[in-house]
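Work through the exercises below with the sequence and the 3D view open. Try each task before you read its solution.

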Amino acid sequence: MARKVVVTGLGATTPIGGDVPTLWQNVVKGVSGVRQLTDDWVEKYDLPVKIAAKLSVPAEDVLGRVEMKRMDPSTQYGVIAAREAWKDSGIEEIDHDRLAVAFATGIGGVWTLLNGWDTLREKGPRRVLPMTVPMLMPNGVAAAVSLDLGARAGAHTPVSACASGTEAVAVGQELIRSGKADVVMVGGAEAAIHPMPLAAFASMQALSKRNDDPEHASRPYDIDRDGFVMGEGAGALVLEAEEHALARGARIYAELAGTSVTADAYHITAPDPEGLGATRALKAAMFDARVQPEDIVHVNAHATSTPVGDKPEYTALKAALGDHVENVAVSATKSQMGHLLGASGAVEAVLTVLAVHERKAPATINLDHQDPEIPLDVVTDARDLPQGDIVALSNSFGFGGHNAVLVVRSH
Amino acid sequence: MASNEEILAGLAEIINEETGLAPEAVQPDKSFTDDLDIDSISMMTIVVNAEEKFGVRIPDEEVKNLSTVGDAVDFISKAQA
(Lines give C-alpha, C1' and ligand atoms only; values in the text may rest on other atoms or scores of the structure.)
Protein backbone atom coordinates (compact mmCIF):
# COMPACT_ATOMS: atom_id res chain seq x y z
CA MET A 1 0.00 0.00 0.00
CA ALA A 2 1.53 3.28 -1.14
CA ARG A 3 1.97 6.05 1.38
CA LYS A 4 -0.90 8.52 1.28
CA VAL A 5 0.08 12.06 0.32
CA VAL A 6 -1.81 15.00 1.79
CA VAL A 7 -1.72 18.75 1.27
CA THR A 8 -1.03 20.79 4.40
CA GLY A 9 0.07 24.19 3.15
CA LEU A 10 -0.89 26.56 0.31
CA GLY A 11 0.73 29.67 -1.14
CA ALA A 12 0.26 31.84 -4.21
CA THR A 13 0.93 35.16 -5.80
CA THR A 14 -1.20 35.82 -8.86
CA PRO A 15 -2.85 38.53 -10.99
CA ILE A 16 -6.00 38.30 -8.82
CA GLY A 17 -4.45 37.98 -5.37
CA GLY A 18 -1.05 38.29 -3.75
CA ASP A 19 -1.84 35.54 -1.27
CA VAL A 20 -4.14 32.51 -1.05
CA PRO A 21 -7.01 34.09 0.94
CA THR A 22 -7.26 37.00 -1.52
CA LEU A 23 -6.91 34.71 -4.53
CA TRP A 24 -9.67 32.43 -3.26
CA GLN A 25 -12.00 35.30 -2.45
CA ASN A 26 -11.55 36.73 -5.95
CA VAL A 27 -11.71 33.46 -7.87
CA VAL A 28 -15.02 32.65 -6.19
CA LYS A 29 -16.34 36.14 -6.91
CA GLY A 30 -15.13 36.08 -10.53
CA VAL A 31 -12.84 38.99 -11.36
CA SER A 32 -10.40 39.69 -14.18
CA GLY A 33 -6.71 40.39 -13.58
CA VAL A 34 -6.08 41.21 -17.25
CA ARG A 35 -5.07 44.79 -18.03
CA GLN A 36 -3.66 46.91 -20.82
CA LEU A 37 0.13 47.00 -20.58
CA THR A 38 1.50 50.46 -19.86
CA ASP A 39 5.19 49.59 -20.28
CA ASP A 40 7.08 51.80 -22.74
CA TRP A 41 8.22 48.72 -24.70
CA VAL A 42 4.69 48.02 -25.88
CA GLU A 43 4.70 51.14 -28.06
CA LYS A 44 8.45 51.00 -28.74
CA TYR A 45 8.17 47.63 -30.47
CA ASP A 46 4.56 48.11 -31.56
CA LEU A 47 3.65 44.73 -30.11
CA PRO A 48 0.54 43.18 -31.65
CA VAL A 49 -0.53 42.09 -28.15
CA LYS A 50 -0.88 44.91 -25.65
CA ILE A 51 -2.55 43.11 -22.73
CA ALA A 52 -1.42 40.76 -19.97
CA ALA A 53 -2.17 39.78 -16.38
CA LYS A 54 0.53 41.02 -14.04
CA LEU A 55 0.76 40.29 -10.32
CA SER A 56 -1.84 42.17 -8.30
CA VAL A 57 0.76 42.71 -5.54
CA PRO A 58 4.21 43.49 -6.99
CA ALA A 59 7.10 41.42 -5.63
CA GLU A 60 8.85 44.54 -4.32
CA ASP A 61 5.98 45.05 -1.89
CA VAL A 62 6.81 41.69 -0.30
CA LEU A 63 10.55 41.06 -0.60
CA GLY A 64 13.52 43.13 0.55
CA ARG A 65 15.51 45.22 -1.91
CA VAL A 66 18.73 43.19 -1.65
CA GLU A 67 16.84 39.91 -1.91
CA MET A 68 15.10 41.18 -5.06
CA LYS A 69 18.39 42.03 -6.75
CA ARG A 70 19.69 38.47 -6.44
CA MET A 71 16.62 36.80 -7.88
CA ASP A 72 15.06 36.74 -11.30
CA PRO A 73 11.37 37.77 -11.10
CA SER A 74 10.35 34.11 -11.60
CA THR A 75 12.37 33.16 -8.52
CA GLN A 76 10.97 36.10 -6.56
CA TYR A 77 7.43 34.90 -7.23
CA GLY A 78 8.28 31.29 -6.38
CA VAL A 79 9.89 32.26 -3.10
CA ILE A 80 6.92 34.44 -2.14
CA ALA A 81 4.46 31.59 -2.77
CA ALA A 82 6.66 28.97 -1.08
CA ARG A 83 7.08 31.10 2.06
CA GLU A 84 3.32 31.52 2.35
CA ALA A 85 2.74 27.78 1.89
CA TRP A 86 5.42 26.91 4.43
CA LYS A 87 4.00 29.26 7.05
CA ASP A 88 0.51 27.97 6.29
CA SER A 89 1.63 24.36 6.91
CA GLY A 90 2.55 25.22 10.48
CA ILE A 91 5.67 23.03 10.28
CA GLU A 92 8.13 24.22 12.87
CA GLU A 93 10.58 21.37 13.36
CA ILE A 94 11.52 19.00 10.60
CA ASP A 95 14.30 16.66 9.52
CA HIS A 96 15.73 18.75 6.70
CA ASP A 97 17.28 15.66 5.10
CA ARG A 98 13.71 14.42 4.55
CA LEU A 99 12.42 17.70 3.05
CA ALA A 100 12.56 18.06 -0.76
CA VAL A 101 11.57 20.65 -3.36
CA ALA A 102 9.96 20.18 -6.78
CA PHE A 103 9.46 23.64 -8.23
CA ALA A 104 8.77 24.10 -11.90
CA THR A 105 8.99 26.85 -14.44
CA GLY A 106 8.15 26.88 -18.12
CA ILE A 107 10.82 29.31 -19.26
CA GLY A 108 12.97 30.25 -16.26
CA GLY A 109 14.92 33.48 -15.89
CA VAL A 110 14.01 35.07 -19.19
CA TRP A 111 14.20 38.65 -17.86
CA THR A 112 17.71 38.02 -16.54
CA LEU A 113 18.83 36.34 -19.75
CA LEU A 114 17.57 39.11 -22.00
CA ASN A 115 18.68 41.94 -19.70
CA GLY A 116 22.15 40.38 -19.67
CA TRP A 117 22.17 40.32 -23.47
CA ASP A 118 21.07 43.97 -23.61
CA THR A 119 23.83 44.91 -21.14
CA LEU A 120 26.47 43.04 -23.15
CA ARG A 121 25.51 44.85 -26.33
CA GLU A 122 25.12 48.29 -24.76
CA LYS A 123 27.90 48.31 -22.15
CA GLY A 124 30.21 45.37 -22.86
CA PRO A 125 31.05 42.12 -21.06
CA ARG A 126 32.43 43.76 -17.90
CA ARG A 127 28.96 45.03 -16.99
CA VAL A 128 27.23 41.65 -17.29
CA LEU A 129 26.45 40.91 -13.64
CA PRO A 130 28.16 37.95 -11.94
CA MET A 131 24.77 36.82 -10.58
CA THR A 132 23.45 36.39 -14.13
CA VAL A 133 23.98 32.63 -14.35
CA PRO A 134 22.29 31.59 -11.09
CA MET A 135 19.46 34.01 -11.87
CA LEU A 136 18.73 32.78 -15.38
CA MET A 137 19.03 29.03 -14.86
CA PRO A 138 15.63 27.30 -14.91
CA ASN A 139 16.47 25.43 -11.69
CA GLY A 140 17.01 28.82 -10.02
CA VAL A 141 13.53 28.80 -8.46
CA ALA A 142 13.86 25.28 -7.01
CA ALA A 143 17.36 26.10 -5.78
CA ALA A 144 16.25 29.33 -4.11
CA VAL A 145 13.30 27.63 -2.41
CA SER A 146 15.55 24.78 -1.26
CA LEU A 147 18.02 27.30 0.16
CA ASP A 148 15.24 29.28 1.82
CA LEU A 149 13.73 26.22 3.56
CA GLY A 150 16.93 24.26 4.09
CA ALA A 151 15.46 21.42 2.03
CA ARG A 152 18.20 18.84 1.48
CA ALA A 153 16.38 15.82 0.03
CA GLY A 154 16.78 17.11 -3.53
CA ALA A 155 15.51 20.15 -5.44
CA HIS A 156 13.88 19.20 -8.73
CA THR A 157 12.76 21.32 -11.69
CA PRO A 158 10.31 19.61 -14.01
CA VAL A 159 10.09 21.58 -17.25
CA SER A 160 7.19 20.73 -19.56
CA ALA A 161 5.94 24.10 -20.80
CA CYS A 162 2.41 24.79 -19.53
CA ALA A 163 2.21 21.41 -17.77
CA SER A 164 5.30 22.14 -15.65
CA GLY A 165 3.54 23.19 -12.45
CA THR A 166 1.30 20.14 -12.48
CA GLU A 167 4.23 17.86 -13.21
CA ALA A 168 6.03 19.31 -10.18
CA VAL A 169 3.11 18.22 -8.00
CA ALA A 170 3.37 14.73 -9.52
CA VAL A 171 7.12 14.63 -8.82
CA GLY A 172 6.46 15.58 -5.20
CA GLN A 173 3.92 12.80 -4.82
CA GLU A 174 6.45 10.26 -6.14
CA LEU A 175 9.16 11.48 -3.77
CA ILE A 176 6.87 10.87 -0.80
CA ARG A 177 5.42 7.60 -2.04
CA SER A 178 8.86 6.17 -2.78
CA GLY A 179 10.03 7.11 0.70
CA LYS A 180 12.70 9.55 -0.47
CA ALA A 181 11.10 12.43 1.41
CA ASP A 182 8.41 13.01 4.04
CA VAL A 183 7.58 16.58 3.05
CA VAL A 184 7.95 18.22 -0.36
CA MET A 185 7.46 21.86 -1.28
CA VAL A 186 6.00 21.71 -4.78
CA GLY A 187 5.00 24.52 -7.08
CA GLY A 188 5.58 26.51 -10.20
CA ALA A 189 6.63 30.05 -11.01
CA GLU A 190 6.68 32.15 -14.16
CA ALA A 191 7.58 35.73 -15.02
CA ALA A 192 7.62 36.07 -18.79
CA ILE A 193 5.69 39.27 -19.44
CA HIS A 194 8.64 40.62 -21.42
CA PRO A 195 8.34 41.93 -24.99
CA MET A 196 10.29 39.04 -26.55
CA PRO A 197 8.15 36.15 -25.25
CA LEU A 198 5.03 38.24 -25.91
CA ALA A 199 6.18 38.75 -29.50
CA ALA A 200 7.02 35.06 -29.85
CA PHE A 201 3.69 33.79 -28.50
CA ALA A 202 1.88 36.39 -30.61
CA SER A 203 3.83 35.27 -33.66
CA MET A 204 2.51 31.73 -33.28
CA GLN A 205 -1.02 33.20 -33.03
CA ALA A 206 -1.47 31.82 -29.51
CA LEU A 207 -2.40 35.11 -27.79
CA SER A 208 -5.65 37.05 -27.69
CA LYS A 209 -5.49 40.38 -29.52
CA ARG A 210 -8.52 41.80 -27.77
CA ASN A 211 -6.37 44.79 -26.87
CA ASP A 212 -9.24 47.22 -26.36
CA ASP A 213 -11.15 44.99 -23.97
CA PRO A 214 -8.58 43.25 -21.73
CA GLU A 215 -10.95 42.06 -19.02
CA HIS A 216 -12.92 40.06 -21.56
CA ALA A 217 -9.94 38.75 -23.52
CA SER A 218 -9.51 35.44 -21.69
CA ARG A 219 -12.73 33.54 -22.47
CA PRO A 220 -12.31 29.77 -22.38
CA TYR A 221 -15.09 27.78 -24.07
CA ASP A 222 -16.66 30.94 -25.49
CA ILE A 223 -17.37 30.86 -29.21
CA ASP A 224 -15.52 34.19 -29.61
CA ARG A 225 -12.29 33.13 -27.88
CA ASP A 226 -9.21 34.20 -29.85
CA GLY A 227 -6.22 33.08 -27.80
CA PHE A 228 -4.81 33.06 -24.30
CA VAL A 229 -3.68 36.02 -22.22
CA MET A 230 -0.22 35.83 -20.70
CA GLY A 231 -0.20 35.93 -16.92
CA GLU A 232 2.52 35.66 -14.32
CA GLY A 233 2.88 34.44 -10.77
CA ALA A 234 3.46 31.36 -8.68
CA GLY A 235 1.66 28.68 -6.71
CA ALA A 236 3.05 26.43 -4.00
CA LEU A 237 1.79 23.47 -1.99
CA VAL A 238 3.24 21.61 0.96
CA LEU A 239 2.83 17.90 0.27
CA GLU A 240 3.26 15.64 3.25
CA ALA A 241 3.14 11.93 3.99
CA GLU A 242 -0.18 11.38 5.74
CA GLU A 243 1.38 9.75 8.80
CA HIS A 244 3.83 12.64 9.12
CA ALA A 245 0.98 15.16 8.99
CA LEU A 246 -1.18 13.23 11.46
CA ALA A 247 1.72 12.81 13.89
CA ARG A 248 2.11 16.57 14.20
CA GLY A 249 -1.63 17.24 14.25
CA ALA A 250 -1.53 19.22 11.02
CA ARG A 251 -4.52 20.81 9.33
CA ILE A 252 -5.05 18.69 6.20
CA TYR A 253 -6.69 20.43 3.23
CA ALA A 254 -7.12 17.35 1.05
CA GLU A 255 -5.45 14.20 -0.19
CA LEU A 256 -3.39 14.22 -3.37
CA ALA A 257 -4.79 10.86 -4.34
CA GLY A 258 -3.34 10.37 -7.80
CA THR A 259 -1.25 11.87 -10.56
CA SER A 260 -0.31 11.02 -14.11
CA VAL A 261 1.97 12.39 -16.79
CA THR A 262 1.79 11.32 -20.44
CA ALA A 263 3.09 12.56 -23.80
CA ASP A 264 1.10 12.86 -27.04
CA ALA A 265 4.01 12.13 -29.39
CA TYR A 266 1.79 13.76 -32.01
CA HIS A 267 2.93 17.34 -32.77
CA ILE A 268 5.35 19.80 -31.20
CA THR A 269 2.64 22.38 -30.41
CA ALA A 270 -0.80 21.25 -31.58
CA PRO A 271 -2.71 19.03 -29.18
CA ASP A 272 -3.75 15.64 -30.49
CA PRO A 273 -7.23 16.52 -31.93
CA GLU A 274 -8.66 13.31 -30.49
CA GLY A 275 -7.14 14.16 -27.11
CA LEU A 276 -5.69 10.67 -26.86
CA GLY A 277 -2.67 11.64 -24.74
CA ALA A 278 -4.89 13.67 -22.41
CA THR A 279 -7.38 10.80 -22.19
CA ARG A 280 -4.62 8.39 -21.20
CA ALA A 281 -3.41 10.87 -18.57
CA LEU A 282 -6.92 11.23 -17.12
CA LYS A 283 -7.51 7.49 -16.99
CA ALA A 284 -4.08 6.77 -15.53
CA ALA A 285 -4.49 9.45 -12.85
CA MET A 286 -7.89 8.07 -11.82
CA PHE A 287 -6.44 4.57 -11.74
CA ASP A 288 -3.53 5.84 -9.65
CA ALA A 289 -6.05 7.31 -7.19
CA ARG A 290 -8.26 4.20 -7.32
CA VAL A 291 -11.32 6.31 -8.16
CA GLN A 292 -14.06 5.82 -10.74
CA PRO A 293 -15.38 8.41 -13.21
CA GLU A 294 -18.61 8.61 -11.16
CA ASP A 295 -16.58 9.83 -8.14
CA ILE A 296 -15.48 13.01 -9.93
CA VAL A 297 -17.51 16.13 -9.02
CA HIS A 298 -15.26 18.94 -10.24
CA VAL A 299 -12.56 19.63 -12.82
CA ASN A 300 -10.22 22.60 -12.87
CA ALA A 301 -9.70 22.55 -16.63
CA HIS A 302 -6.60 23.57 -18.55
CA ALA A 303 -8.87 25.68 -20.83
CA THR A 304 -6.55 28.43 -22.01
CA SER A 305 -9.05 30.18 -24.35
CA THR A 306 -7.31 29.26 -27.62
CA PRO A 307 -9.52 28.32 -30.56
CA VAL A 308 -7.74 24.97 -31.07
CA GLY A 309 -6.91 23.99 -27.49
CA ASP A 310 -10.18 23.98 -25.57
CA LYS A 311 -12.04 21.37 -27.56
CA PRO A 312 -9.58 18.44 -27.37
CA GLU A 313 -9.72 18.73 -23.57
CA TYR A 314 -13.47 18.24 -23.74
CA THR A 315 -12.98 15.27 -26.05
CA ALA A 316 -10.54 13.76 -23.55
CA LEU A 317 -12.83 14.40 -20.57
CA LYS A 318 -15.72 12.82 -22.44
CA ALA A 319 -13.59 9.79 -23.32
CA ALA A 320 -12.29 9.37 -19.77
CA LEU A 321 -15.48 10.15 -17.81
CA GLY A 322 -18.11 8.96 -20.29
CA ASP A 323 -21.64 10.33 -19.87
CA HIS A 324 -20.77 11.29 -16.29
CA VAL A 325 -18.93 14.29 -17.78
CA GLU A 326 -22.33 16.05 -17.90
CA ASN A 327 -22.53 15.93 -14.10
CA VAL A 328 -19.12 17.44 -13.45
CA ALA A 329 -18.75 21.11 -12.48
CA VAL A 330 -15.96 22.46 -14.70
CA SER A 331 -14.10 25.67 -13.81
CA ALA A 332 -11.75 27.48 -16.20
CA THR A 333 -9.88 29.80 -13.88
CA LYS A 334 -7.57 31.10 -16.62
CA SER A 335 -10.61 33.21 -17.60
CA GLN A 336 -9.76 35.34 -14.56
CA MET A 337 -5.97 35.41 -14.34
CA GLY A 338 -4.79 34.49 -17.81
CA HIS A 339 -2.31 31.72 -18.45
CA LEU A 340 0.56 31.55 -15.98
CA LEU A 341 2.45 29.10 -18.24
CA GLY A 342 4.71 26.95 -16.03
CA ALA A 343 3.06 28.31 -12.90
CA SER A 344 -0.52 27.69 -14.04
CA GLY A 345 -0.66 24.05 -12.96
CA ALA A 346 0.61 24.90 -9.48
CA VAL A 347 -1.89 27.73 -8.98
CA GLU A 348 -4.68 25.53 -10.32
CA ALA A 349 -3.59 22.73 -7.96
CA VAL A 350 -3.98 25.22 -5.10
CA LEU A 351 -7.45 26.11 -6.39
CA THR A 352 -8.47 22.46 -6.83
CA VAL A 353 -7.37 21.62 -3.29
CA LEU A 354 -9.35 24.61 -1.99
CA ALA A 355 -12.38 23.68 -4.09
CA VAL A 356 -12.43 20.25 -2.42
CA HIS A 357 -11.68 21.65 1.03
CA GLU A 358 -14.18 24.52 0.82
CA ARG A 359 -16.59 22.46 -1.29
CA LYS A 360 -16.97 25.20 -3.82
CA ALA A 361 -16.13 25.29 -7.53
CA PRO A 362 -14.67 28.67 -8.53
CA ALA A 363 -16.16 30.91 -11.22
CA THR A 364 -15.47 31.01 -14.95
CA ILE A 365 -15.91 34.48 -16.38
CA ASN A 366 -16.54 35.76 -19.92
CA LEU A 367 -18.60 32.77 -21.02
CA ASP A 368 -21.20 34.69 -23.01
CA HIS A 369 -21.87 32.19 -25.79
CA GLN A 370 -20.64 28.71 -25.00
CA ASP A 371 -19.09 26.86 -27.94
CA PRO A 372 -21.74 24.28 -28.88
CA GLU A 373 -18.98 21.79 -29.63
CA ILE A 374 -17.93 21.90 -25.97
CA PRO A 375 -21.10 21.00 -24.02
CA LEU A 376 -19.51 20.94 -20.57
CA ASP A 377 -21.27 22.07 -17.40
CA VAL A 378 -19.15 25.18 -16.97
CA VAL A 379 -19.37 26.92 -13.59
CA THR A 380 -20.05 30.58 -14.34
CA ASP A 381 -21.11 31.56 -10.82
CA ALA A 382 -19.16 29.80 -8.07
CA ARG A 383 -21.12 26.72 -7.08
CA ASP A 384 -21.30 24.51 -3.97
CA LEU A 385 -19.91 21.01 -4.29
CA PRO A 386 -21.54 18.04 -2.53
CA GLN A 387 -20.84 16.97 1.05
CA GLY A 388 -19.29 13.56 1.76
CA ASP A 389 -16.29 12.01 0.03
CA ILE A 390 -15.59 14.06 -3.12
CA VAL A 391 -12.93 13.93 -5.82
CA ALA A 392 -11.72 16.62 -8.24
CA LEU A 393 -9.31 16.71 -11.17
CA SER A 394 -6.86 19.33 -12.38
CA ASN A 395 -5.58 19.14 -15.96
CA SER A 396 -2.59 20.80 -17.57
CA PHE A 397 -1.25 20.41 -21.08
CA GLY A 398 1.92 21.87 -22.54
CA PHE A 399 3.58 22.58 -25.87
CA GLY A 400 5.54 19.48 -26.68
CA GLY A 401 2.53 17.23 -26.12
CA HIS A 402 2.84 17.09 -22.32
CA ASN A 403 -0.26 16.05 -20.38
CA ALA A 404 -0.43 16.09 -16.59
CA VAL A 405 -3.42 15.34 -14.37
CA LEU A 406 -3.92 15.52 -10.60
CA VAL A 407 -6.62 13.79 -8.57
CA VAL A 408 -7.54 15.56 -5.33
CA ARG A 409 -9.76 13.85 -2.77
CA SER A 410 -11.45 15.19 0.34
CA HIS A 411 -9.78 14.09 3.57
CA MET B 1 38.98 63.51 -8.64
CA ALA B 2 37.42 62.13 -5.48
CA SER B 3 39.02 62.45 -2.04
CA ASN B 4 39.55 59.29 0.03
CA GLU B 5 36.53 60.26 2.14
CA GLU B 6 34.41 60.56 -0.98
CA ILE B 7 35.66 57.21 -2.28
CA LEU B 8 34.84 55.58 1.06
CA ALA B 9 31.35 57.09 1.04
CA GLY B 10 30.84 55.99 -2.56
CA LEU B 11 31.94 52.43 -1.78
CA ALA B 12 29.67 52.35 1.26
CA GLU B 13 26.77 53.34 -0.97
CA ILE B 14 27.58 50.64 -3.54
CA ILE B 15 27.98 48.00 -0.82
CA ASN B 16 24.70 49.04 0.78
CA GLU B 17 22.95 48.74 -2.57
CA GLU B 18 24.36 45.25 -3.16
CA THR B 19 24.22 43.73 0.32
CA GLY B 20 22.00 45.95 2.46
CA LEU B 21 24.87 46.62 4.91
CA ALA B 22 24.54 49.96 6.72
CA PRO B 23 26.91 52.52 5.13
CA GLU B 24 28.49 53.29 8.54
CA ALA B 25 29.61 49.65 8.83
CA VAL B 26 31.88 50.17 5.84
CA GLN B 27 35.16 51.42 7.40
CA PRO B 28 38.73 51.31 6.01
CA ASP B 29 39.93 48.60 8.44
CA LYS B 30 37.06 46.20 7.63
CA SER B 31 37.78 43.03 5.66
CA PHE B 32 35.33 42.43 2.81
CA THR B 33 35.10 38.71 3.54
CA ASP B 34 35.71 38.35 7.29
CA ASP B 35 33.99 41.49 8.59
CA LEU B 36 31.44 42.41 5.95
CA ASP B 37 30.62 38.83 4.86
CA ILE B 38 30.74 39.74 1.17
CA ASP B 39 30.97 36.69 -1.10
CA SER B 40 32.94 36.57 -4.35
CA ILE B 41 29.90 37.19 -6.54
CA SER B 42 28.89 40.28 -4.58
CA MET B 43 32.51 41.43 -4.60
CA MET B 44 32.62 41.33 -8.39
CA THR B 45 29.37 43.28 -8.61
CA ILE B 46 30.78 45.88 -6.20
CA VAL B 47 34.01 46.10 -8.23
CA VAL B 48 32.17 46.67 -11.50
CA ASN B 49 29.90 49.28 -9.94
CA ALA B 50 32.94 51.02 -8.40
CA GLU B 51 34.66 51.08 -11.80
CA GLU B 52 31.66 52.86 -13.27
CA LYS B 53 31.23 55.26 -10.37
CA PHE B 54 34.88 56.32 -10.13
CA GLY B 55 35.84 55.95 -13.80
CA VAL B 56 38.67 53.52 -13.09
CA ARG B 57 39.57 49.98 -14.13
CA ILE B 58 40.16 47.37 -11.43
CA PRO B 59 41.72 44.32 -13.16
CA ASP B 60 40.42 40.92 -12.06
CA GLU B 61 43.87 39.90 -10.81
CA GLU B 62 43.93 42.98 -8.53
CA VAL B 63 40.63 42.14 -6.86
CA LYS B 64 42.14 39.37 -4.72
CA ASN B 65 44.63 41.92 -3.28
CA LEU B 66 41.81 44.15 -2.05
CA SER B 67 41.18 42.47 1.27
CA THR B 68 40.02 45.52 3.22
CA VAL B 69 37.86 48.49 2.36
CA GLY B 70 40.97 50.66 2.86
CA ASP B 71 42.85 48.64 0.20
CA ALA B 72 40.05 49.38 -2.24
CA VAL B 73 39.99 53.09 -1.38
CA ASP B 74 43.78 53.30 -1.91
CA PHE B 75 43.63 51.42 -5.20
CA ILE B 76 40.85 53.61 -6.58
CA SER B 77 42.58 56.77 -5.37
CA LYS B 78 45.86 55.82 -7.11
CA ALA B 79 44.06 54.67 -10.24
CA GLN B 80 42.35 58.06 -10.50
CA ALA B 81 45.63 59.96 -10.16
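## Exercise 1: Chain B, element by element

Read along the sequence, chain B follows the pattern α-α-α-α. This is a predicted model, in which local features need pLDDT of at least 70, side-chain atom pairs count only at pLDDT 80 or more, and totals for chains, interfaces and linings use all residues. Residues are numbered from 1 along each chain as written, chains are lettered from A and ligands numbered from 1 in the order written, and side-chain values use heavy atoms, without hydrogens and water.

**Task.** Count the helices and strands of chain B. Then judge its radius of gyration against that of a compact globule.

**Solution.** 
- Step 1. Chain B has 4 helices and 0 strands. Helices (H or I, at least four residues) and strands (E, at least two) are DSSP runs, numbered from the N terminus.
- Step 2. A compact globule of 81 residues would have a radius of gyration near 12 Å; chain B has 11 Å, which agrees. The radius is taken over C-alpha atoms, and the globule rule is 2.2 Å times the number of residues to the power 0.38.
- Step 3. The C-alpha trace of chain B spans about 30 × 25 × 20 Å along its principal axes.
- Step 4. Of the 81 residues in chain B, 40% are buried. Buried means under 20% relative accessible area, exposed over 50%, and partly exposed in between (1.4 Å probe, protein chains only).

## Exercise 2: Chain A as a whole

**Task.** Describe chain A by its elements, its extent and its domains.

**Solution.** 
- Step 1. Chain A holds 14 helices and 15 strands. Its radius of gyration is 20 Å, close to the 22 Å from the globule rule for 411 residues, so chain A is as compact as a globular protein of that length.
- Step 2. Along the principal axes, the C-alpha trace of chain A spans about 60 × 55 × 40 Å.
- Step 3. Buried residues account for 60% of the 411 residues in chain A.
- Step 4. Take contacts in chain A between residues at least 6 apart in sequence: 80% of them join residues at least 24 apart. Contact means heavy atoms within 4.5 Å.
- Step 5. Chain A is divided into domain 1 (5-247) and domain 2 (259-409). The contact takes 65 residues from domain 1 of chain A and 61 residues from domain 2 of chain A. These bounds come from an automatic or database domain assignment.
- Step 6. The C-alpha centres of domain 1 and domain 2 of chain A lie 20 Å apart.

## Exercise 3: Helix H1 of chain A

**Task.** Which residues of helix H1 (residues 20-29) of chain A are buried, and what does their cover include?

**Solution.** 
- Step 1. The buried residues in H1 of chain A are A:Val20, A:Leu23, A:Trp24, A:Asn26 and A:Val27.
- Step 2. An α-helix has 3.6 residues a turn, so residues three or four places apart point the same way.
- Step 3. The cover over the buried residues of H1(A) includes strand E1 (5-13), helix H4 (73-89), helix H13 (334-337), helix H14 (344-358) and strand E11 (360-361) of chain A.
- Step 4. After H1(A) comes A:Gly30, with a positive phi near 95 degrees.
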